[in-house]
Amino acid sequence: MGTKPQIIGRFAPSPTGHLHFGSLTTAVASYCHIKSLSKNSKWLVRIEDTDTQRCKAEFSESILQDLGNLGLHWDGEVVYQSQHTAMYEELLYHVFQDKVYACQCSRKDLQGYAIYPRYCLDKMLDWHNHKLRIQLPDETIEFNDGILGVQRQNPQKTLGDMVICRADDIFNYIFAVNPYYAWGRYFADDFRSNCHYGYAPHATN
Ligand SMILES: [Zn+2]
């Protein structure tokens, strides 16, 4: 008999404001779900603060304080995504460089498209001053969602090539969460993966 993998869940708020009712509901549901699965399970908190224009340290502090006051005590250290930019750059330039391309399309150009139509795939645009997209595989992948069960999805047909880095060099949430998630091979064992399941229309912006 093999040992069971440890169950780890995460709550990953964006500190663009104080903890609001929607986030609080997600936090409580995530905490209760993960802690009910095993007495050794871990509930982690990761602050999604890659958007340095909208995220503020005071909101991170306020969110953590509220969680603590409500008895939602996280395990281990809080992870701040903004401190991992060097790792994302390494992945972008040395691991996924063949899958990444620059895109100059505006929202207006893409009006009416749920999936990005790859207008810029072969334009070989300069990576600087453009947003960057990652090519997702055109094949069915299978993953086990902790709540929905076994799911099958073709990332190219359901998500399309997602923007992973904005023109102002800010990494998008989807790449920062888990670069492998972005490529569509693996899906994070993450409560938010459930919340974001089927979010294709947002990924083309
Ligand atoms: Zn484009």
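1. Helices (H or I, at least four residues) and strands (E, at least two) are DSSP runs, numbered from the N terminus.

2. Keep in mind that this is a predicted model, where local features need pLDDT of at least 70, side-chain atom pairs count only at pLDDT 80 or more, and totals for chains, interfaces and linings use all residues. Residues are numbered from 1 along each chain as its sequence is written.

3. On confidence: pLDDT is the predictor's own per-residue score, from 0 to 100. The protein averages 82, and 83% of the residues score at least 70. I'd flag residues 179-205, where the pLDDT is below 50. That stretch still has 60 contacts in the model beyond near neighbours in sequence.

4. Now the open sheet: three strands in the order β1-β2-β3, with parallel pairing. Its edge strands are β1 (8-11) and β3 (79-80), each pairing on one side only. Pairing here takes at least two DSSP bridges between the strands. Four bridges link β1 to β2 (residues 42-47) in the parallel sense, and Arg10 has Leu44 of β2 as its bridge partner.

5. Across β1 and β2 lies helix α1 (residues 21-37), running at about 170 degrees to β1. How far apart are the end C-alpha atoms of α1? They are 24 Å apart, which agrees with the 24 Å that its 17 residues should span at 1.5 Å a residue; the expected span is 1.5 Å times one less than the number of residues.

6. Which residues of α1 are buried? Ala27, Ser30, Tyr31 and Ile34 are. Buried means 20 or more other C-beta atoms within 10 Å of the residue's own, exposed means 12 or fewer, and partly exposed is in between, with C-beta atoms placed from the backbone. Seen down the axis of α1, the buried residues fall within an arc of 100 degrees, so they line one face of the helix; the arc is that of the directions from the helix axis to the C-beta atoms. On the other side of α1, Phe21, Gly22, Thr25 and Ser36 are exposed.

7. Next, the hairpin: β6 (residues 141-145) connects to β7 through three residues. The two strands run antiparallel and are joined by five bridges, with Asn144 opposite Val150 in β7. Of the five residues of β7 (residues 149-153), the number buried is zero, so the strand lies largely in the open.

Conventions
Two residues are in contact if their C-beta atoms, placed from the backbone, lie within 7 Å. Axes are lines fitted to C-alpha atoms, for helices over the stretch in contact, and angles run from 0 to 180 degrees between N-to-C directions.
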